[in-house]
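Subject: Structure handover

Hello,

Here is the structure you asked about. My notes on it come after the sequence and model.

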Amino acid sequence: DLIHPEDREAIRNIFIEGKKSLSACSFQNRIKTKKGNYKYLEWNGGFHGEWMYIVARDVTKTQKMTALLAEKTQQRILLDNVDVHIWYLKDEQTYGSVNQAHLSFLGKTRKQLENKNIYDFLPAKEADICCLVNREVFQTKKRMETEEWVCNAQGEARLLSIIKTPILDKSGQVKQVICSGVDITEKAEVEKKLRESEARYR
């Protein structure tokens, strides 16, 4: 019962084949601890006659980090293939991770934006407006929806509809703020023309 049920068949086959060929073997499996949880062990050894000589080491942390990296890689692939701008804030002035849509819009590399102060890459006037809203989200701990004018990589002023959502830690403090933005410049221009047209016919 010590070996994880999903690993038992594979381990059994490794022992059978190893005993037949008397070759060295290396494998990983999950072993139940006294507390009832499982740890990953990496085994290296070989057979000598009827005897098996083997050494094991705990690789649980390595497995968890590998799984986390794979998960983050999958998340990055998903985030980098949507048109919506997505980024998160570590504090009211500091960017964390950024997706490709936001990078392309600003004409920046990941290195130029991630973990950087907003004032390092936005004009002071734009940065002031962003930080004003960011500060409110961090202080009130409430989701906010705003419309902000931001210059793109070509120097064009574009209107972004931005949602900023605070993520709280166990103590109820804001750990980070997730931001998503959509370019609504054309939509806003059409709505403006419609309002002007309606006004002329009143």
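Predicted model: local features only at pLDDT ≥ 70, side-chain atom pairs only at ≥ 80, totals over all residues.

Residues are numbered from 1 along each chain as its sequence is written, and side-chain values use heavy atoms, with hydrogens and water left out.

Overall form

The protein chain has 6 helices and 8 strands. These are DSSP runs numbered from the N terminus, with helices being H or I of at least four residues and strands being E of at least two. Read from the N terminus, the order is α-β-β-β-α-β-β-α-α-α-β-β-β-α. The chain is more spread out than a compact globule, because its radius of gyration is 27 Å, well over the 17 Å that the globule rule gives for 202 residues. That radius is taken over C-alpha atoms, and the rule is 2.2 Å times the number of residues to the power 0.38. Along the principal axes, the C-alpha atoms fill a box of roughly 95 × 35 × 35 Å.

Of the 202 residues, 29% are buried. Here buried means under 20% relative accessible area, exposed means over 50%, and partly exposed is in between (1.4 Å probe, protein chains only). The chain exposes about 13,900 Å², and carbon and sulfur atoms supply 54% of that area. The areas come from the Shrake-Rupley method with a 1.4 Å probe; for residues, only the protein chains shown count as cover. As for contacts (heavy atoms within 4.5 Å), among those between residues at least 6 apart in sequence, 36% join residues at least 24 apart.

Salt bridges

The whole structure holds 12 salt bridges. The criterion is a side-chain nitrogen of Lys or Arg within 4 Å of a carboxyl oxygen of Asp or Glu.

Arg57 and Glu42 form one of them, at 2.8 Å from N to O. Arg57 is in strand 3 (residues 51–58) and Glu42 in strand 2 (residues 38–48), so the pair links distant parts of the chain, 15 residues apart. Arg57 is partly exposed at 47% relative accessibility, whereas Glu42 is buried at 17%.

Glu186 and Arg158 form another, with their closest N and O atoms 2.8 Å apart. Because Glu186 lies in helix 6 (residues 185–200) and Arg158 in strand 7 (residues 157–168), this bridge ties together parts that are 28 residues apart in sequence. Glu186 is partly exposed at 44% relative accessibility, and Arg158 is buried at 15%.

Glu114 is buried at 17% relative accessibility, while Arg110 is partly exposed at 24%.

Backbone angles

Most residues other than glycine have a negative phi. Which value does phi take at Asn115? The angle there is near 65 degrees, a positive value in a residue other than glycine. Asn115 sits in the loop between helix 4 (110–113) and helix 5 (124–140), and is partly exposed at 47% relative accessibility.

Lys141 has a positive phi too, near 60 degrees. Lys141 is placed in the loop between helix 5 and strand 6 (144–151), and is partly exposed at 34% relative accessibility.

Regards
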